[in-house]
Amino acid sequence: QLSQLYLVSLHFQLEFPDHNFPLAHMQSELLTAFKSQEPRPSQLQHNVAAALNRIGWNHSFEYETPEGLSLDMAQPETKSAIEVDGPF
């Protein structure tokens, strides 16, 4: 899928900044495909977010970075993020 290729292109840019990503000419199309996908947070993500709020870790839920990535929970001002994987 084009949306997954966007993640590959970001990885390539970060890991190999002196090289050109083979699909660089499609970057705009890849980003559009990626951003068109709606986040689908799980119940576990909601539970973790609620627990973090209870202990005072205020955060943005499903925070979108300037690159277009969606982070489960983030404090952009401190450059902190939590990704929840699961359930197991």
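The model is predicted, so local features need pLDDT of at least 70 and side-chain atom pairs count only at pLDDT 80 or more, while totals for chains, interfaces and linings use all residues. Residues are numbered from 1 along each chain as its sequence is written, and side-chain values use heavy atoms, with hydrogens and water left out. Helices (H or I, at least four residues) and strands (E, at least two) are DSSP runs, numbered from the N terminus.

**Sheet**

- Three strands form an open sheet in the order β1-β2-β3, with antiparallel pairing; two strands pair if DSSP finds at least two bridges between them.
- The edges are β1 (60-64) and β3 (80-82), each of which pairs on one side only.
- Neighbouring strands of this sheet are turned by 55 degrees against each other on average, direction ignored; axes are lines fitted to C-alpha atoms, for helices over the stretch in contact, and angles run from 0 to 180 degrees between N-to-C directions.
- Strand β2 (residues 70-75) pairs with β3 over 3 bridges in the antiparallel sense, and A74 stands opposite A81 in β3.
- Helix α3 (residues 43-54) packs on the sheet and touches β1, β2 and β3, where contact means heavy atoms within 4.5 Å; the direction of α3 makes about 5 degrees with that of β2.

**Aromatic pairs**

- The count is 3 aromatic pairs: rings of Phe, Tyr and Trp (its six-membered ring) pair if their centres lie within 6.5 Å, with planes under 30 degrees apart counted as stacked, over 60 as edge-to-face and the rest as tilted.
- Y6 and F34 have ring centres 5.2 Å apart and planes at 40 degrees, so the pair is tilted.
- Because Y6 lies in helix α1 (residues 2-15) and F34 in helix α2 (residues 27-35), this pair ties together parts that are 28 residues apart in sequence.
- Both Y6 and F34 are buried (under 20% relative accessible area, with exposed over 50% and partly exposed in between; 1.4 Å probe, protein chains only).
- The rings of F12 and F21 are also tilted, because their centres are 5.3 Å apart and their planes at 55 degrees.
- F21 is buried, at a relative accessible area of 10%, and ring pairs link F12, F16 and F21 into a cluster.

**Helix α1**

- In α1, the residues S3, Y6, S9 and L10 are buried.
- The buried residues of α1 fall within an arc of 100 degrees seen down its axis, so they line one face of the helix; the arc is that of the directions from the helix axis to the C-beta atoms.
- The face turned away from the buried side of α1 carries the exposed residues Q4 and E15.
- The cover over the buried residues of α1 includes α2.
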